[in-house]
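Student: Please take a close look at one part of this model. I would like a single connected account of it.

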Amino acid sequence: MEKSVVKRDSSWLKTLHREHLRRSRQLTRRVLSVQLVILFASLALWEIAARLRWIDVLLFSYPTKVVLQIVGDAHSGELWGHLGVTVGETIAGFLLGTLLGTLLAVLIWWSPFLSRVLDPYMVVFNSMPKVALGPIFIVMFGAGFMAILMTTLSITVIVTTLVVYNSFREVNDHYIKVVRTLGGSKRDIFAKVILPASFPTIISSLKVNVGMAWVGVIVGEFLTAKSGLGYLIIYGFQVFNFTLVMSSLLIISVVATLMYQGVAYLERKLLAGRPQ
């Protein structure tokens with residue numbers, strides 16, 4: 001009798017789970033459909049507004065012209081060099097910013113004294129406009145890759161540090177007390193409590209850093225680069241080629257989205273099966 005009840009309950013739970021998955025997939029498809037409708041409707045409206053001269057074509061261009069610009073630059077090979085430079089700088093800033101920010105968060109968690117010393121400086125640095133630091137980095141490191149990388153790190157490191165450190169501080173104190181009661185050292189507390197509890201936040205901070213890295217790189221290229229997508233935007237403004245500007249912005253949007261989705265996929269894989 002008990003086995004029959006357990007089997008019936010198990011079958012009911014499986015059916016409920018399948019129904020939940022089905023509804024989740026339906027919702028995902030509906031969301032994607034609405035997103036695509038909004039995207040294509042916006043592009044169509046942009047194209048129509050330009051063709052009918054509702055907007056200034058010189059300033060805003062229009063989708064077909066932007067696509068032709070991208071295709072022409074890709075066919076000539078000019079696009080790939082600029083794209084490779086910017087993507088390389090972004091990946092470097094993204095990885096280094098995440099690594100250094102996480103290590104700094106660990107350091108200030110480990111030393112409460114250091115945490116109290118650095119806390120006001122981190123707040124001030126985080127609120128400081130990073131564009132203002134660009135000329136300083138150019139003087140210190142020269143007009144090139146290092147200045148752009150430092151501009152990017154000035155954004156990604158502090159954001160990662162604050163996010164990860166706050167995650168460390170929000171770990172349930174009861175878990176820490178249990179490890180201490182059992183004779184665990186501070187290293188044990190970090191390895192067995194703090195790090196596992198904060199792992200999802202550390203992974204999630206990667207998604208934030210993708211956007212921050214792109215911001216830092218483009219700002220750095222605005223100030224000093226002689227190649228890259230940021231350079232193309234500035235060059236387009238200088239020669240009044242706003243189609244080049246819009247095409248560069250479109251490429252940045254597409255590549256940044258692909259990077260974000262790649263990190264989101266990595267997050268799902270790394271966190272799959274972890275208890276919530």
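**A tryptophan and its aromatic neighbours**

Tutor: Trp109 is buried, at a relative accessible area of 15%. Buried means under 20% relative accessible area, exposed over 50%, and partly exposed in between, with a 1.4 Å probe and protein chains only. The model is predicted: local features need pLDDT of at least 70, side-chain atom pairs count only at pLDDT 80 or more, and totals for chains, interfaces and linings use all residues. Residues are numbered from 1 along each chain as its sequence is written, and side-chain values use heavy atoms, with hydrogens and water left out.

Now the rings. The structure holds 9 aromatic pairs. One of them joins Trp109 and Phe168: the ring centres are 6.4 Å apart and the planes stand at 70 degrees, so this pair is edge-to-face. Rings of Phe, Tyr and Trp (its six-membered ring) pair if their centres lie within 6.5 Å; planes under 30 degrees apart count as stacked, over 60 as edge-to-face and the rest as tilted. Distant parts of the chain are linked here, with Trp109 in helix H4 (residues 78-110) and Phe168 in helix H7, 59 residues apart. Helices are DSSP runs (H or I, at least four residues), numbered from the N terminus.

Phe168 is buried too, with a relative accessible area of 2%. Its ring also pairs with Phe190: centres 5.7 Å apart, planes at 85 degrees, so edge-to-face. Phe190 sits in helix H9 (residues 186-224) and Phe168 in H7, so the pair ties together parts 22 residues apart in sequence. Like Phe168, Phe190 is buried. Trp109, Trp110, Phe168 and Phe190 form one aromatic cluster.

H7 covers residues 145-169, which is 25 residues. At 1.5 Å a residue H7 should span 36 Å, and its end C-alpha atoms are 35 Å apart, which agrees. The expected span is 1.5 Å times one less than the number of residues. H7 has a kink of about 30 degrees, centred on Leu153. The bend at a residue is the angle between axes fitted to the seven residues ending there and the seven starting there. H7 is mostly covered, with 18 of its 25 residues buried.

For contrast, turn to Phe40 in helix H1 (residues 2-51). At 52% relative accessibility, Phe40 counts as exposed.

Note on methods:
Helices (H or I, at least four residues) and strands (E, at least two) are DSSP runs, numbered from the N terminus.
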